[in-house]
Amino acid sequence: MIRRAIGCWFVAALLPGPLCAQTSAPPITIELNNWPLRRDIALVDGATGIAHAATEAALRKAFEKSVASADARGRWFRASKLYLVDLPTVALSHTLGHEYGHGTRRRDIGLLDNGFALDNWPWPVPFVDAHGTGRGGINFFFDPIALGVEAGGYEAGRVRDLKFRDVFSREDVDYFSAAQLIYSRLEEPMAAILYLRDSQVRDFTTKLFAGPLDDMRAFTATFTCVRYHSISDPDAQQAARDIRRHAALAVLDLQLLGSFARVGNYLWTGKAVGSVPAITFGDQHFWPRATFALSPIGVARGGELQWTRRALSITAGAEKTEQGIPLEEVGRTDRGRPILAAHTPSLWSGHATASVGRRTFTTRLDTNFWNQAATGHGGAVEARIQRRMFSGPVPAAVAVSAGYKSAGYLAGAPNAARWFAAIGLSVWP
Ligand SMILES: [Zn+2]
């Protein structure tokens, strides 16, 4: 505690403003690893952390009295800061991760032309739209591989879930991480609910060829083709309704609702870090949630539970994939239309993460298991060790991870069997 206080004093003397008023600010983490999507997202998140810490420091210096005050002036200040600085930063970071997600899945299938362009900046509305500038090269409407490319943007959110498991394993959550979780977890369900309304999917076949579609409708179109081997309007509407229904359930997420409460609490009280609502028994906290994901092997839905007790945190979840792909023809209808079934009728995946965190030493074990149509049973395992190196002027930690996955789809990973290795440096500003 004394060392920490001295460290804070030292940083405060070097940098503008009382930087160390909060002791659980999000760390800035720079990570190098050998999986493209996780590497890209780690770089985006590292840059986001630096941008956030720098703007916080500058604003604290300029508006010292308003930053954390629990009066009307402080509330106006924080509302403006959230709207003009924090949410735009999160929105931009979120969209960059999304676009890298598409790019990685395109590279996976040999398309090297994977640029993207931003359509707008996050003002006056804190959302960023972007579009890929790479040319096609695959038959998007009948190729299951295209599902991975369409869903690749949303996959970035699932890569970030590993980070959120760490965030929620701490006693207190900072408002900035809570805002990142809100963007990440709401993206897919909101897109499904907004873009797959009946009116949006009516005349689907006409719309399909009239111009570019957003990811959710493009996925639905491709999914319909792969699932029914047709793109008739009734089939598309049925697929859209199924996806939308699963998506709507995904807002049943206690971490998501708790994150709204955390950001609201920051706005009102000025406390940048604090507890988040959970189901609590004594010193145990539970966060259950429904999950929903678009993936190259279909639409997956399931549930997840994170449990923490002091330094220990365990997250476990399972998902069922609604339609396995690839499909095979098992018969014909009276009208000669093929009846298709997945090679493997029941497809599922599960994951579990356990972390034990002490102040100076934390370990995390992350496991995944699956049964997928194309590759059968498989799994992945990854271990991480993080150690605080300096608790002096700027507390820092070094983390080393290593793991292995077998062939198959795993969010953020190459499809082939592959080793994983990472080294990261975290700094608490
Ligand atoms: Zn996209």
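Which residue is the bridge partner of E382 in β15? The answer is G403, and the views below show where this pair belongs. This is a predicted model, in which local features need pLDDT of at least 70 and side-chain atom pairs count only at pLDDT 80 or more, while totals for chains, interfaces and linings use all residues. Residues are numbered from 1 along each chain as its sequence is written.

View 1. Helices (H or I, at least four residues) and strands (E, at least two) are DSSP runs, numbered from the N terminus. Of the 429 residues, 40% count as buried, a word used for a residue with 20 or more other C-beta atoms within 10 Å of its own, those atoms being placed from the backbone. Take the contacts between residues at least 6 apart in sequence: 62% of them join residues at least 24 apart. Here, two residues are in contact if their C-beta atoms, placed from the backbone, lie within 7 Å.

**View 2. Ten strands line up in an open sheet with antiparallel pairing.** Follow the order β1-β16-β15-β14-β13-β12-β9-β8-β7-β6. At the edges are β1 (28–33) and β6 (279–281), each pairing on one side only. From one strand to the next, the twist averages 15 degrees. Two strands pair if DSSP finds at least two bridges between them.

**View 3. Strand β15 (residues 396–405) pairs with β14 (residues 376–390) in the antiparallel sense.** Their pairing extends over 10 bridges, and a hairpin of 5 residues joins β14 to β15. Look for V381, whose bridge partner in β15 is Y404, and for E382, whose partner there is G403. Strand β15 is also joined by 10 bridges to β16 (residues 418–427), again antiparallel. In that pairing, K405 stands opposite R418 of β16.

**View 4. Helices α5 (residues 175–195) and α8 (residues 215–228) pack at an angle of about 75 degrees.** Their axes, which are lines fitted to C-alpha atoms over the stretch in contact, are 9 Å apart. Angles run from 0 to 180 degrees between N-to-C directions. The two helices are therefore roughly perpendicular, the word for angles of 65 to 115 degrees. Helix α5 brings A191, A192 and Y195 to the contact, and α8 brings D215, M216 and R217. These residues divide into 4 nonpolar, no polar and 2 charged. Ala, Val, Leu, Ile, Met, Phe, Trp, Tyr, Cys and Pro count as nonpolar, Asp, Glu, Lys and Arg as charged, and the others, Gly among them, as polar.

Definitions and conventions
Angles under 35 degrees count as roughly parallel, over 145 as roughly antiparallel, 65 to 115 as roughly perpendicular and the rest as oblique. A residue is buried if 20 or more other C-beta atoms lie within 10 Å of its own, exposed if 12 or fewer, and partly exposed in between; C-beta atoms are placed from the backbone.
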